[in-house]
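Subject: Structure handover

Hello,

Here is the structure I promised to pass on. Please open it first, then read the notes below it.

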Amino acid sequence: MSFQESTRPSDEDEVFYMQCRAAYLAVFRSSLANISSKQQLCRVLQQAGRNPSQATLNKYWTSRTSKLNFDDFCEILKCERKTEEAELMRAFRKLDVNCDGYITHSVLEKALTSSGEKMTAEEVNAVFSLADINKDGKLDYSEFCRRLVSTAEQCQTAALEKLEADAKLKRQNFGSQLYSPPKSSVASTSSASPAPHAESDSTVKKDCQSSSRPPSARSRRSSLSNSVTMTSSSSKTGKVLEPPGLQDWHHCNMKGCFFVENNGSISSLQYHLHLPQTSSVYLTIQPLSLSQRPDKPPAWMNVDTAVFVMTAGEAKEDSALVCFTESKDKEKYVWKGELNAGTYRLLPFTSGCRLKKQSKNNFSDNSVELVYKTDTGELDLTSELREVLSEIFEMIDLDGNGLLSLDEYNLFELRTSGEKCDKDAWAVCKENFDMRKNQLTRQGFMELNLMEATEKDGDPEDLWVTLESMGYNRMLELVEACPFQIDVYCEGTQPSMQPLCLDSGPKLLNQALQKSITSKFGAKALRGHDNVFIYTYRGDYRISSLIANKASQKVTVHVNNEQSRNCCSSRGMAMFAVEVPARTKLVCQHVLPINEKQDWIYNCVETSLPST
């Protein structure tokens, strides 16, 4: 996993976001406008040099989609690569039976109407009439590919030229800072990390260029500056000490995993914790190493973690924040105190500063081989795939007993296929795969995956769906997930934990996160706005900010982190804007040190932008 190493984005990152803005502003008046239809999504993707199919559009615009914002659009562009001419040529050559560079109408019609995203005969005729450049009844696919790619590039170039030529539009959408685009405007790019998820949050990323131009008088009147100098982890003295005799305390633990979703948000299981009696408690959460190679520590061990403890009320409104892990001891995040007898909800959390959606452009097009044929002609799983499946087994073996119960296996099934395995299907598994005590063994898990590969005659696509759902890329690197373990020690009673699947989970976590920020430190009013307040939580290892808009209309706040040092933001950029609806609280950003062994300076200026 690659992590941000600088407070300033690379030139490639800036080029990518400038291309995003250029495409967006070629269709909309402002980056704060929302995409409100599938047709608009298609137009703005075409302006970005993409050629989206109906299947692609349906993937991002579902029956439940009512709007997409600029942030969403950026994430889509990171996932959807531009069609390369060489890629198109490879597809057409498969249809070129004579290997002469031409395809007849009948061959094209058969290919387009019988496989993939099927077209009607009328649609094929329309395509062929446009593509038959010489009007000789044959398609010169080399010339067709060149024109198709050239048209996409022309759309993107036109959008960039429009943006660069319209100074007024730049000032409106990039703030009052002087805007100077990177030197290479149309270069092939790799994307920066996505912004974190937040409810009711329409985010516009801004350029991270320094400026010699002073802010306007209006900006000075309506801005608020927060500056905090944080010491390195090596100089921390307030660490929570492990209680003496901890090995004699009652103990329970449970594993879990943070997953980066397609929209850039992060999800995980949540848990019930039950204490039969009031007790002193020592609570920890930490990333979990799955690597079989001690010489190569996994990249996700650097991911920050936390767990929030809430009372387990019957309704969301009845749940209240009790405590959360604020201190750190190496990779462990720790809380120590006393909890009353009762049942609590444990809500795992990571800021998104170090666990982000990865751009497909960052990875090789090559895929690791998953299945091969043995000397006897039988299919088998490669050693690389077996190693990864063993890691996945460790992830979903929540109680760590070396076996998968039906409930544990169903959490895996829901993650990878969206369906559950019922008791009858589990009985079939028992007849065909290695089980012990009605639970699936590691060997049985391997046998199950081999059977699925065999049923597909070695086609690995279903296996790739499973692996990518679990956070692996095509090189079998775990890049979009972070396994973790929660440990609960009680001095006077035996604790117990159970995993939960809660529809209200994200809402509860957001509620706990907001409470943890607003209850620790006082608010500062944004200058020029009596009803807009900025809360800044300053922990030993994380800074989080929240905007509370108590006014009756929405407010847009520009956030500038340019003067911060040795910091990485969950937003992925040093400058951005957030739109906060009326009477709403919104977590603005989380900030962590890039290098924990060095001091870091958080310097953030929040400025009100004019309403649009």
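This is a predicted model: local features need pLDDT of at least 70, side-chain atom pairs count only at pLDDT 80 or more; totals for chains, interfaces and linings use all residues.

Start with the cores. The largest nonpolar core has 67 residues. Within it, Ile392, Phe445, Ile486 and Val488 touch the most other members. Helix H11, residues 383–396, gives this core its largest share, with 7 residues. There is also a second, separate core of 24 residues. Val27, Leu45, Ile76 and Cys79 are among its members.

Now look at Phe445. Which residues does Phe445 touch, leaving aside those up to four places away in sequence? The list is Leu389, Ile392, Phe393, Ile396, Leu404, Tyr409, Phe412 and Leu440.

Next, the backbone. Most residues other than glycine have a negative phi. Two positions are worth a look here.

Lys437 is not a glycine, yet its phi is positive, about 55 degrees. Lys437 sits in the loop between strand S16 (435–436) and strand S17 (439–440).

Asn566 also has a positive phi of about 55 degrees, and Asn566 is not a glycine either. Its loop runs between strand S23 (555–560) and strand S24 (567–569).

Asn566 has a relative accessibility of 14%, so Asn566 counts as buried. The cut-off for buried is under 20%, and for exposed it is over 50%.

Best wishes

Note on methods. Residues are numbered from 1 along each chain as its sequence is written. Side-chain values use heavy atoms; hydrogens and water are left out. A nonpolar core is a set of buried Ala, Val, Leu, Ile, Met, Phe, Trp, Tyr and Cys residues joined through side-chain atoms within 4.5 Å. Buried means under 20% relative accessible area, exposed over 50%, partly exposed in between (1.4 Å probe, protein chains only). Helices (H or I, at least four residues) and strands (E, at least two) are DSSP runs, numbered from the N terminus. Contact means heavy atoms within 4.5 Å.
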